[in-house]
Amino acid sequence: MELEVKVFNINKGKNSEIIDRCKKLSEYCIFIAKIHEFWNELGSLEKGIEKAIKYCSGHGILDQFLEIHGSEVLNMLYAEWNLEDAIAFAREEEREEKSKTIAQNALAKGLTPELIQEITGLDLETIRELNS
């Protein structure tokens, strides 16, 4: 058995031919765009989501759904974006650990800290700490 799934970007300005056919999908796109807008404006994801919920509820966008499930939506979206941030942070830490391993091996082979910095992108202080 084989399953083929087609994925569409439904962010603002993308695939409008699909979004325009479904009012709820269109409203959802507006809601997500408002979250991004208010997040940038307020500098806080949680405040951005809260303001987007209030904005959309006041403008008839997903209003019935948000009236009933607003707090659930806030918790779900906040957790989802925090998960994405956590994954990105973990990947960055993993890259740094690999760079440190490469730097230790390069130091053992006699390469200069400056050359190792070029190769790994680590700062000289970190490289020197690995050498001690």
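Here is a short chat about a predicted model of a protein.

Colleague: Okay, so what is this thing built from, how many helices and how many strands?
Modeller: Keep in mind that the model is predicted. The protein has six helices and zero strands. Reading from the N terminus, the elements go α-α-α-α-α-α.

Colleague: What is its radius of gyration, next to that of a compact globule with 132 residues?
Modeller: The protein comes out at 23 Å, while a compact globule of 132 residues would be near 14 Å. If you draw a box along the principal axes, the C-alpha atoms fill roughly 65 × 45 × 25 Å.

Colleague: And what share of the residues counts as buried?
Modeller: That would be 24% of the 132 residues. The protein exposes about 9,800 Å², and carbon and sulfur atoms supply 52% of that area.

Colleague: What about contacts across the chain, what share joins residues 24 or more positions apart?
Modeller: Taking the contacts with a separation of 6 or more, 32% are between residues 24 or more positions apart.

Colleague: Switching to charges: how many positive and negative ones are there?
Modeller: There are 16 positive and 25 negative charges, and their mean positions sit 5 Å apart.

Colleague: Let's zoom in on H2. Why does its end-to-end distance make sense?
Modeller: H2 covers residues 23–42, so it has 20 residues, and at 1.5 Å a residue it should span 28 Å. The C-alpha atoms at its ends are 28 Å apart, so the two agree.

Colleague: Which residues of H2 are buried?
Modeller: Those are Glu27, Cys29, Phe31, Ile32, Lys34, Ile35 and Phe38.

Colleague: And what follows H2?
Modeller: Gly43 does, and its phi is positive, near 75°.

Colleague: Now Leu62. Where is that one?
Modeller: Leu62 is in the loop between helix H3 (45–58) and H4. Its phi is positive too, near 50°, in a residue other than glycine.

Colleague: Is Leu62 buried or exposed, and why?
Modeller: Leu62 counts as buried because its relative accessibility is 9%, and the cut-off for buried is under 20%.

Colleague: On to H4, then. Where in the protein is Ser99, and what does it touch?
Modeller: Ser99 is in helix H4, which runs over residues 63–108. Leaving out residues up to four places away in sequence, Ser99 touches Thr120 and Leu122. With a relative accessibility of 15%, Ser99 counts as buried.

Colleague: Which residues does Ala103 touch?
Modeller: Ala103 lies in helix H4 as well. Again without residues up to four places away in sequence, Ala103 touches Ile116, Thr120, Leu122 and Leu130. So Thr120 and Leu122 are touched by Ser99 and also by Ala103, if you use the contact cut-off of heavy atoms within 4.5 Å.

Colleague: Why does Ala103 count as buried?
Modeller: Because its relative accessible area is 0%, and buried means under 20%.

Colleague: How far is Ala103 from Ile30?
Modeller: From C-alpha to C-alpha, Ala103 and Ile30 are 47 Å apart in space, and 73 residues apart in sequence.

Colleague: Last one, Gly13. Is it buried or exposed?
Modeller: Gly13 is exposed, since its relative accessible area is 77% and the cut-off for exposed is over 50%. Gly13 lies in the segment before helix H1 (16–19).

Terms used
Residues are numbered from 1 along each chain as its sequence is written. This is a predicted model: local features need pLDDT of at least 70, side-chain atom pairs count only at pLDDT 80 or more; totals for chains, interfaces and linings use all residues. Side-chain values use heavy atoms; hydrogens and water are left out. Helices (H or I, at least four residues) and strands (E, at least two) are DSSP runs, numbered from the N terminus. The expected span of a helix is 1.5 Å times one less than its number of residues. Buried means under 20% relative accessible area, exposed over 50%, partly exposed in between (1.4 Å probe, protein chains only). The radius of gyration is taken over C-alpha atoms; the globule rule is 2.2 Å times the number of residues to the power 0.38. Accessible areas come from the Shrake-Rupley method with a 1.4 Å probe; for residues, only the protein chains shown count as cover. Lys and Arg count as positive and Asp and Glu as negative; His and the chain ends are not counted. The place of a charge is taken as NZ of Lys, CZ of Arg, CG of Asp or CD of Glu.
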